[in-house]
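Please read these notes with the sequence and the 3D view side by side.

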Amino acid sequence: MYKTIIRPLLFHFEPEKAHRITFQLLKTLQATPGALPLLKWFIHSHTEPVHLMGLTFPNRVGLAAGLDKNAELLKVWQALGFGFAEIGTVTPRAQSGNPKPRLFRIPQDQALINRMGFNNQGVDKVVNRLKNRPKGYVVGGNIGKNTLTPNEIAIDDYLTVFKNLSPWVDYIVVNVSCPNISNLSKLQDRESLKLLLHAIMTARENLSERTPVLLKISPDLNNGQLTDTLNLISEMNLDGVIATNTSSQRKGLRISDQEIQAIGNGGLSGKPLSNRTTEIIRIIRREMGNDIPVIASGGIVNIDDARAKLDAGANMLQLYTGFIYEGTRLIKQCLQL
Ligand SMILES: Cc1cc2nc3c(=O)[nH]c(=O)nc-3n(C[C@H](O)[C@H](O)[C@H](O)COP(=O)(O)O)c2cc1C
């Protein structure tokens, strides 16, 4: 039903408007007594609990960061069969993000390009909403800095969000790999990243909960940079890796060069990411062994992509672009693996 009826209707609208309409409808559904149990019964996903990072996930297929930045639809994600949902990226203060249009579909490549720019309602509002989060569900909090905060004091932003958000989520993801905030990727340089991760891990020692901390890495790191980053993850005793974020590259796409140039800058997601993400997961396993938790995010648009990620050594899967193109059928397929 999604691909024959819902998707054609939604794709009739420009992408961000389709997102707004869908969120409005799903919020109404979430507020309607009895609607979510019915939805859950209708979808009826098979679930197998997974134990990782001291947490029990209802299953290993989650919603990736960026779709529900403000934690508005957690009960819906749960009813649709996602075993966990990652909210954010959350910044200290609310911000509206980059000018529109900033989200583009590329159906011929099963891809999206976005330059949203961390649009979100700010940590205080998100925390207030999380106070009513569904019980027994796993929620991750993806953290970043405000766009106007210079890199020299970015650590303060990350620490503010970390301290405020971590009591209300089950794991934290440090996001320095988004290509849509100018100069953010500089925080991936070894020395900057070391200072940032050290500050966060030190701050964690002073909190009552030992919330797991993961780093979300870029698919555009070359293998040398990847090795440096993995060494740092070990050195800093991080609890896991999310591989990967969106890409600034535009290689091997079906869409014409002219069309891609007209879209402009932004992070590419979906099918074109799949091979590099799988390769990165394989490298993580080879260099870090079997113990480090790895969450695969990037280019899972069908069951074979999902299988490739698990075969490469991923513990968990996250969906975004594949979910936009395939709907809940993709969650169900991934759950069969
Ligand atoms: C519109 C859009 C917004 C996103 N926003 C964020 C974000 O705020 N923080 C983040 O860490 N990743 C964000 N992502 C990246 C996704 O979480 C995911 O890592 C990436 O899209 C690769 O997965 P996919 O190929 O399944 O989409 C965003 C992706 C898209 C398409």
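This is a predicted model: local features need pLDDT of at least 70, side-chain atom pairs count only at pLDDT 80 or more; totals for chains, interfaces and linings use all residues.

1. Residues are numbered from 1 along each chain as its sequence is written.

2. The protein chain has 13 helices and 13 strands, where helices (H or I, at least four residues) and strands (E, at least two) are DSSP runs numbered from the N terminus. Its radius of gyration, taken over C-alpha atoms, is 19 Å, close to the 20 Å that the globule rule gives for 337 residues, so the chain is as compact as a globular protein of that length. That rule is 2.2 Å times the number of residues to the power 0.38. Along the principal axes, the C-alpha atoms fill a box of roughly 50 × 50 × 40 Å.

3. Around the ligand there are 28 residues, of which A64, G66, S269, Y320 and T321 come nearest; a residue is near a molecule if its C-beta atom, placed from the backbone, lies within 6 Å of it. Two or more residues of this shell are given by each of β4 (84-90), β6 (111-114), β11 (267-270) and α12 (321-326). By class, the shell holds 11 nonpolar, 15 polar and two charged residues, with Ala, Val, Leu, Ile, Met, Phe, Trp, Tyr, Cys and Pro counted as nonpolar, Asp, Glu, Lys and Arg as charged, and the others, Gly among them, as polar.

4. The axes of α10 (residues 274-288) and α11 (residues 303-312) come within 8 Å and cross at roughly 15°, the axes being lines fitted to C-alpha atoms over the stretch in contact, with angles from 0 to 180 degrees between N-to-C directions. The two helices α10 and α11 are therefore roughly parallel to each other (an angle under 35 degrees). In their contact (C-beta atoms, placed from the backbone, within 7 Å), S274, T278, I281, R282 and R285 of α10 meet D305, A308, K309 and A312 of α11. This contact has three nonpolar, two polar and four charged residues.

5. The peptide bond from G88 to T89 is cis, with omega near 10°, and T89 lies in strand β4. The bond from A243 to T244 is also cis, with omega near 10°, and T244 lies in the loop between β10 (240-243) and α9 (257-263).

6. Although Q110 is not a glycine, it has a positive phi of about 45°; Q110 lies in the loop between β5 (103-106) and β6.

How values were computed:
Angles under 35 degrees count as roughly parallel, over 145 as roughly antiparallel, 65 to 115 as roughly perpendicular and the rest as oblique. Two residues are in contact if their C-beta atoms, placed from the backbone, lie within 7 Å.
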